[in-house]
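Good morning. I will walk you through one structure today, starting with the overall picture and then moving to details. Please have the sequence and the model open while I talk.

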Amino acid sequence: MKYEFKKLYSSPYMIACLGLLIAFMIFFVVRAYQSRDESFKQYGQLIYDYNEQGLSNDELVKTLSSKRDDLLEQVNALGEKAYDEAGEYGDNLMHDFILYDKAANQAEYLFVNLPYHRREMVKDALYEISEEQSESQIKQYEASIEAYNTVIDVSFEYTGDLNNATLFFDYTIWDYAMVLFVIILTVRMFTIDRAYGSYKTAYSTANGRGYLFARQISACLISAAAIIIVQLICQIICAKFFFGVSNLSLPIQAYEEYEFCPYQISIGEFFIIKSLGKIILSFLIVSLSAMICVLIKKALPSIFSMIIIAVSPMLASTYFFVLATNGSSGVTNSAYEMYTSLRAVLPQCLLNPNQYFFTFDSLFLFGFEITRLECVIAITLLLSFTALAVTGINFAKARRT
């Protein structure tokens with residue numbers, strides 16, 4: 001294995017490609033730093049002080065709402081002078097109002113809206129089951145009840161800004177650069193022996209060919225996974241120090257945008273699942289790139305073929321995602337339906353993983369309920385192992401003369 005890594009990174013060209021990928025990563029880390037939230041320490045202190053008072057959830061909601069309303073009256077009375085009055089937690093009275101408004105909204109969401117909305121979803125699903133005649137629809141409502149008929153163990157503490165923590169690291173130009181790097185890496189691995197003529201010796205026995213094939217695939221996968229793990233570590237560090245996402249054990253539903261997430265996962269597990277999805281996609285890119293190399297046997301045609309195969313679906317998913325989020329109402333509805341369908345089958349949608357965690361996102365296949373995330377992962381793995389099998393069968397044939 002050590003020799004395979006040496007072959008991969010002995011070329012200045014590959015070092016330059018890796019350096020460019022790292023440069024993209026540094027660029028987004030710098031962007032995250034420039035967008036950091038400077039007030040999270042003040043907001044965290046406010047939450048800590050109110051937790052120390054030992055108030056019940058209802059008392060906490062009422063107390064914060066009352067304090068917010070009092071501050072609003074003061075701000076309205078003072079007008080522009082509110083920016084000159086010293087604040088309790090913030091830089092001024094207006095900043096105090098903003099902090100208390102945020103705290104009151106968070107407490108209301110955690111202890112009032114979150115449990116209420118989940119109960120209402122269960123009630124609505126039970127009602128629909130009593131009225132529904134379609135067996136598949138009944139199964140879907142039953143699955144919804146199972147997902148939402150649970151109590152989310154939330155606590156009143158500062159959760160940070162997860163939205164910005166993911167904004168700079170998911171579905172960015174870095175993902176495109178990563179896919180291109182994995183393609184180039186794999187093509188180099190599976191063409192270098194032919195380029196230097198060493199394949200005549202390396203593939204002289206069946207055991208030698210099989211062993212080398214396993215080492216080459218493993219070296220490519222380990223390289224891709226290592227880079228994604230480094231990106232995950234950078235994202236978690238930035239989330240903690242720039243955006244205050246420090247308690248990774250909190251449930252993902254602690255963030256209002258993930259209120260209807262059906263999974264019982266923590267913030268830390270959320271980060272890990274997202275990165276695993278990218279590693280699985282990299283597995284597919286490596287498998288397909290190796291297969292194209294084995295069948296075509298030339299580097300440049302293999303690279304260009306794989307760029308088309310890998311990047312075209314990424315552009316398509318990006319196109320429909322942008323239309324679904326930024327288009328007019330008619331365009332948005334049709335684009336959202338198309339993007340929803342793509343998310344169930346298109347492996348490249350794993351690069352935009354947040355969409356799988358926003359709501360109950362499942363479908364029924366052959367009478368079985370499966371989430372779109374599970375479906376796209378299953379399809380990605382099936383394609384990967386199929387490509388791997390084709391590569392393994394043709395590995396020696398493609399190189400022997």
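Predicted model: local features only at pLDDT ≥ 70, side-chain atom pairs only at ≥ 80, totals over all residues.

Every value I give is computed from it.

Let me start with the whole chain. How many helices and strands are there in the chain? There are 14 helices and 2 strands. Of the 401 residues, 48% count as buried. The C-alpha trace spans about 85 × 60 × 40 Å along its principal axes.

The crossing in which α4 passes α5 is left-handed. What kinds of residue make up the contact of α4 with α5? It divides into 16 nonpolar, 4 polar and 5 charged residues.

The second pair is α11 and helix α14; α14 covers residues 372–394. The axes of α11 and α14 come within 8 Å and cross at roughly 30 degrees. Angles under 35 degrees count as roughly parallel, so α11 is roughly parallel to α14. The crossing of α11 and α14 is left-handed.

Next, the salt bridges. Side chains of opposite charge can pair when their charged atoms come close. The structure holds 9 salt bridges, and I will go through three of them.

Two of these involve Arg 68. Arg 68 forms a salt bridge with Asp 101, and the closest N and O atoms are 3.4 Å apart. Arg 68 lies in helix α4 and Asp 101 in helix α5, so the pair ties together parts that are 33 residues apart in sequence. Asp 101 counts as partly exposed at 25%, and Asp 69 is partly exposed with a relative accessible area of 40%.

Asp 175 is buried, with a relative accessible area of 2%. Lys 278 is buried too, with a relative accessible area of 4%. Asp 175 and Lys 278 also belong to a network of salt bridges, in which they are linked with Asp 170 and Lys 274.

On to the cysteines. A disulfide is a covalent bond between the sulfur atoms of two cysteines. How many disulfides does the structure hold? The count is 0. Take Cys 234: the nearest cysteine sulfur is that of Cys 238, 6.4 Å away. A disulfide needs the two sulfur atoms within 2.5 Å, and Cys 234 is in no disulfide. Cys 234 is partly exposed, with a relative accessible area of 22%. Cys 375 is in no disulfide either, and the nearest cysteine sulfur, that of Cys 349, is 11 Å away. Cys 375 is buried, with a relative accessible area of 8%.

Last, two residues in loops on either side of α11. Gln 264 is in the loop between α10, residues 206–243, and α11. Gln 264 is partly exposed, with a relative accessible area of 47%. From Gln 264 to Tyr 336 is 72 residues in sequence and 26 Å in space, C-alpha to C-alpha.

Lys 297 lies in the loop between α11 and α12, the latter being residues 299–326. Most residues other than glycine have a negative phi. Phi of Lys 297, however, is near 75 degrees, a positive value in a residue other than glycine. Lys 297 counts as partly exposed, at 40% relative accessibility.

That is the end of my part.

Note on methods: Residues numbered from 1 in each chain as written. Heavy atoms only, no water. Left-handed = near helix turned anticlockwise from the far one by under 90°. Helix = DSSP H or I, 4+ residues; strand = E, 2+ residues; numbered from the N terminus. Nonpolar A, V, L, I, M, F, W, Y, C, P; charged D, E, K, R; others polar. Salt bridge = Lys/Arg side-chain N within 4 Å of Asp/Glu carboxyl O. Buried < 20%, exposed > 50% of the residue type's maximum accessible area, 1.4 Å probe, protein only. Axes fitted to C-alpha atoms, helices over the stretch in contact; angles between N-to-C directions. Parallel < 35°, antiparallel > 145°, perpendicular 65-115°, else oblique.
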